[in-house]
Amino acid sequence: MSTAEYESTAEYEGDVTVLEEQFMEQKSVGPIELESQDVSVWFGQRKVLEGVNIAFPKNTVTALIGPSGCGKSTYIRTLNRLHELIPGAALAGSVLYEGKDIYDTDIDPVHIRLQIGMVFQKPNPFPSMTIRGNVLSGLKLSGLKRDQHDDIVEETLTSAGLWNEVKDRLDSAAGELSGGQQQRLVIARALAVQPHVLLMDEPCSALDPTSTLKIEETIRELSKDITIVIVTHNMQQAVRVSDYTAFFLAAENEPGYVIEQGPTTDIFGSPRDQRTLDYVNGRFG
Amino acid sequence: MAAPPTETRRDLDSAATSHRGDRIFNRGITVAAFTALLVLAGIAIFLGIAAVEAITTQGWSFLFTTEWKVDQGDEPVAGIWGMLYGSVLLSVIGLVIAVPVSLLLSVFIVFLAPRRLGRVMTNVIDLMAAIPSIILGLWAFYLLSPPAEQWQFLLNKYLGWIPIFQNDSGNFNGTPFIAGFVLAIMMIPIITSVSREVLGRTPPELINAAEALGCSLWTMLRHVALPYGRGGIVGGIMLGLGRALGETIAIFFVLKLVYDINWYKIIESEGGSVATLIVATFGEVSGPYELNLLLAAGFFLFVGTLAVNVIANLIVQKTGRSER
Amino acid sequence: MTQVLDREQIAEWSAQQPQRPWTKKPARLQAWIAVAALLPAALVALIFMYTEIPGPVLLVAIYFPLQLLAAGIAAVATKGRQGAADSVIIVLSVGATLFSFIILTSVLGSLIVRGLEALWGEDGFRSSFLFQNNVYINPSTPLEYGGLGHAVIGTLMIVLIASLIAVPIGIATAIYITEVRGRAVPYVRFFVQAMSGIPSIVAGLFILTVLIVSGAMNQSAFAGGLAYAILMLPTVARTAEEVLRLIPEDLRTGALALGSTRARVVLRVVIPAAKTGVITAIILGVARVIGETAPLLLTSLKSDQTILNPLADPIAALPTYIFDNVALPYPGAVTRAWGAALVLMILVLILFTLARILGRDRLNRFR
């Protein structure tokens, strides 16, 4: 059935009132580190996302799932102010980090990007730098000052699960590592600037299954100290790794919406929207 | 059991060219393709002969003398040392001006300018490259030289205590500075073109990674884009240098050719250039011996520019390949 | 329990306007920018009024560094040390851009202003300048008499001769590099690249020694054409190679599968497919050599007459015509030089634009 038809059923009406109660319950789930309120995104005149309201509680992992092209990657780029670097980008709504709107005029985007880090789909270590140089590159690029570089290198590589494999060759070129190792190096690089939030845009989709599992392990470990938001196409991964899930969907010629969101076990076990049910059962996407 | 029949190997390549038309075609193409080698070898040989003659007659003083006395019967003493040094000095001055300007231009086009302005700038640069050197020479003589003389005068007046800004003759025309400036104008389009292409090919994922780590324009350039493009940029600079070393006409009217070496006084009215020497002396050549000297000078010019060009191309190719 | 999309909010959301909050600059930054822009200008104006330093010098030597400093300070005050480096780069690169614009404008502007003096007299367009030659003209003759017709013809002849030699060989070389499978191919590419670095004067010297000094030939248009051909060949070969590479392999294999010989594939299929590209290669080659003076000074010399025989006598050409008239102390002669320079530049611009247009067409065909 179509969107409009579904929304005119009694079932849907009933759910909405229950929803409001539970929404209030949800809110008391723990301090919210980062949240977007009514965020809509445009490229030029084309609206690609509408009304995204998601709250990311501290030290949890939230998965963003949904078919390709419905705006998930665009969305996370609004969370660390990378979106504005694309020509023609515009948005509405606000993104609150630690209670303050990151788009206020007196906020420095560099500061935000240091607090909210990002890992991309294709591992992108800097080929002209050594492993050590890569880990510390965030400090050079942003001008952030930290002491004890050797300790930083060891700590971050350990947190990223790469230390044992590279501790004897920190001065070799980053390009010689395998894909999975490069991605873990990239994670260490992101950790070196001490972010509170880590955004991950399909970090495992270019990797083999073994590396994927290693990185998922890393994610679970990291979430004890860092809030993580991960975009993924792999639903088993979302189940394995995340505490909360948000399901995005965009109909043709329409902007993307968050259709349903909540604890991962509920989204996958007892979704309330038919479209969510269909997606998590693999009927499309 | 019978022995297996011996097989004759049928070479597929030769089968493909067995057609007579193809053979003629292939032969013709191959001959044509080696014209380049033929010309290069020809130049090396013919000019080399002249060089050998000059050196056997005069010894290595040909390269290291700053005198030019060709009408002394059996004992001519003529050397291009001043010209060799002068060519290098002019190129250095040109590079000092051209390299920063070119890099800034390419950074502007690739990273700062809105797309349309970037395209306009690229066309402006290409147009600058297309200006024939005689026109630049004409412009330099009538439009660049007068204000440049004034500037150099002021430079000498206020900063004349710095050795390179000394001037003893009171003349500020025909200086290495002006000639170097003109060479810079010729080099800027070449270097900018190559740098622009190389910087434009910086992989976007690296730039994204830098942006996500909170980079500024300068840190991104310093740690990501410039290291990535380093090889290509150096290659481009050397290509520009090769062009400048061989340039004759653009600086012909704005360089006062003097046989003595002008070591460092760049706003003094004396300078040298091997290429310009050849053109300047050709018209009044006193005899076959002097002509031969010019050919010998041409040989060394050829060798120098060839070396620079070959190295430049190797660098550009090598770095291009390693980025795949 | 999960939250589901509340469709009632869509009405609210559709009222949202796209915004760009990152473009708003806080008041403090705006104040600094104003100060950084105005203060150096004011200072420079003061210096200009009270000292004798001439304007352009002032602009470059004092205003520019001051502006740089001001921008740097403003950036440090608002964004910290990173901002300073960025603002320095921005100011410098804008400066470099202005610099190149100024140079180009100066060159083209002077060509137009001074060149038109020769081409435009009191009665309008002075066609005599374009069509007459310089016989009976000496440097002090007024501009109504004489012209560069002979030089134009000379240039055309020399370029034609050069093309007749360089184009077939250049295209053949490009074909060799792209079509023939041989171990020599990388060497040929190397030689062509090395050849492109030959200084124009060396090309002239070469033809001079081999053909003229040895007595095989006079200084003539033909000799000049040969020297030009040496300079033209690498450009034609390299551009043609690039263009031939763009032709999809399927075209060739398709033709071979139909039973064609290698030669016919190249001549009848590949080259016609690359037609515009090949023409572009030729145009670029011509544009590369048409203004070269040094080789002609050695090989075709100069003349005042209109010469039509390419083999016998020295001949005039636009670049050498300019060269001869540049430094003469007669204003009439200098004006002739500018006029010739204008004509030459117009020719170069025509070739340049043609190559651009063709180049764009070529890219479009493969979309």
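What follows is a walk through a predicted model, from its chain contacts down to single residues. Residues are numbered from 1 along each chain as its sequence is written, with chains lettered from A and ligands numbered from 1 in the order in which they are written. Since this is a predicted model, local features need pLDDT of at least 70 and side-chain atom pairs count only at pLDDT 80 or more, while totals for chains, interfaces and linings use all residues.

Chains B and C come first. Here 70 residues of chain B are in contact with 63 residues of chain C, a contact being two residues whose C-beta atoms, placed from the backbone, lie within 7 Å. Helix α7 (residues 133-159) of chain B gives the largest share of the side that touches chain C, with 11 residues. Helices (H or I, at least four residues) and strands (E, at least two) are DSSP runs, numbered from the N terminus.

As for confidence, chain B has a mean pLDDT of 86, and 90% of its residues reach 70 or more; pLDDT is the predictor's confidence in each residue, from 0 to 100. Over residues 11-15 of chain B, though, pLDDT stays under 50, and the model has one contact beyond four places in sequence for them. Where pLDDT is low, the predicted coordinates should not be read in detail.

Chain A meets chain B through 19 residues, which are in contact with 16 residues of chain B. On the chain A side, α4 (109-115), β6 (116-119) and α5 (131-142) each supply at least two residues, and α5(A) has the largest share, five residues. By class, this side has nine nonpolar, seven polar and three charged residues.

Chain A itself has 12 helices and 10 strands, and 49% of its 285 residues are buried, that is, with 20 or more other C-beta atoms within 10 Å of their own. Among the buried residues of α5(A) are I131(A), N134(A) and L141(A). The buried residues of this helix pack against α4, α6, α7 and α8 of chain A together with α9 and α10 of chain B. Just after α5(A), G143(A) takes a positive phi of about 80°.

In β6(A), I116(A) and M118(A) point one way and G117(A) and V119(A) the other, and all are buried. β6(A) pairs in the parallel sense with strand β7 (residues 197-201) of chain A over four bridges, where pairing takes at least two DSSP bridges. G117(A) stands opposite L198(A).

Lastly, L249(A) lies in strand β9 (residues 244-250) of chain A and counts as buried because 24 C-beta neighbours are inside 10 Å. Beyond four places in sequence, L249(A) touches residues including G66(A), C70(A) and R275(A).

Definitions and conventions
Ala, Val, Leu, Ile, Met, Phe, Trp, Tyr, Cys and Pro count as nonpolar, Asp, Glu, Lys and Arg as charged, and the others, Gly among them, as polar. A residue is buried if 20 or more other C-beta atoms lie within 10 Å of its own, exposed if 12 or fewer, and partly exposed in between; C-beta atoms are placed from the backbone.
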